[in-house]
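Open the model in your viewer and keep the selection tool at hand. This short tour goes stop by stop.

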Amino acid sequence: MPSPRIVFIGLWVCALLYGCGGIGLDYQKKLHGNYYIIATDVDEQMCIAKKTSGNGFTDVVDETVYEVGYDSTYIVAIQHPMKNKDVNAYYIVRMDTTSVEPSDKNTFGPLTFQQFYQKRKDLGIEDLGFTLVFDKLK
């Protein structure tokens with residue numbers, strides 16, 4: 001039987017790896033640059049995140065993201081805030097390659113559909129469709 005100290009160290013290492021995104025990602029897809037769509041444990045945690053260092057991520061759009069479109073400059077997303085499927089929140093993220101941490105000034109949202117449509121026009125985003133759709137999260 002291992003000593004309590006060995007068990008403690010083993011659990012501590014596992015917790016450290018898990019907390020830093022080292023293990024346990026249910027879903028991960030690189031969008032562009034350091035921007036990803038990830039779900040840590042379950043699909044309902046699907047969010048847009050920026051990889052900050054090593055295996056660390058910082059959320060840009062919180063859960064539950066269920067539709068995403070992107071190009072080399074922008075990400076557009078639809079989200080059910082707080083897992084409430086009766087509400088749709090829209091986001092536009094201008095990808096920032098100049099800093100490691102995401103900036104709030106580059107994220108527009110939550111927006112209504114009308115606000116989202118107008119902001120896309122204001123930013124000159126022509127036809128950036130939702131190419132990643134997670135039907136079971138809708």
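A salt bridge here is a side-chain nitrogen of Lys or Arg within 4 Å of a carboxyl oxygen of Asp or Glu. Keep in mind that this is a predicted model. Side chains of opposite charge can pair when their charged atoms come close.

**Stop 1: Lys 138 and Glu 67**

Select Lys 138 and Glu 67. Their side chains meet in a salt bridge, 3.3 Å from N to O. Where do the two partners sit? Lys 138 lies in the segment after strand E9 (132–133), and Glu 67 lies in strand E5, so this pair ties together parts that are 71 residues apart in sequence. Lys 138 counts as partly exposed, at 43% relative accessibility. Glu 67 counts as buried, because its relative accessibility is 12% and buried means under 20%.

**Stop 2**

Is Asp 135 buried or exposed? Asp 135 counts as exposed, with 55% relative accessibility. Glu 67, Asp 135 and Lys 138 are linked in a network of salt bridges.

**Stop 3: Glu 63 and Lys 83**

Clear the selection. Pick Glu 63 and Lys 83. A salt bridge joins their side chains, 3.5 Å from N to O. This pair links distant parts of the chain, 20 residues apart. Glu 63 is in the loop between strand E4 (56–61) and strand E5 (65–70). Lys 83 is in the loop between strand E6 (74–79) and strand E7 (89–94). Check the surface once more. Glu 63 is partly exposed, at 27% relative accessibility. Lys 83 is partly exposed too, with a relative accessible area of 47%.

How many salt bridges does a search of the whole structure find? The count is four.

**Stop 4: Val 93**

Go to strand E7 and select Val 93. Val 93 counts as buried, at 2% relative accessibility. What is Val 93 in contact with, leaving aside its neighbours within four places in sequence? Show Tyr 35, Val 60, Val 61 and Thr 73. Finish with a distance between C-alpha atoms. Val 93 and Val 60 are 33 residues apart along the chain, and their C-alpha atoms are separated by 8.1 Å.

Terms used
Residues are numbered from 1 along each chain as its sequence is written. This is a predicted model: local features need pLDDT of at least 70, side-chain atom pairs count only at pLDDT 80 or more; totals for chains, interfaces and linings use all residues. Side-chain values use heavy atoms; hydrogens and water are left out. Helices (H or I, at least four residues) and strands (E, at least two) are DSSP runs, numbered from the N terminus. Buried means under 20% relative accessible area, exposed over 50%, partly exposed in between (1.4 Å probe, protein chains only). Contact means heavy atoms within 4.5 Å.
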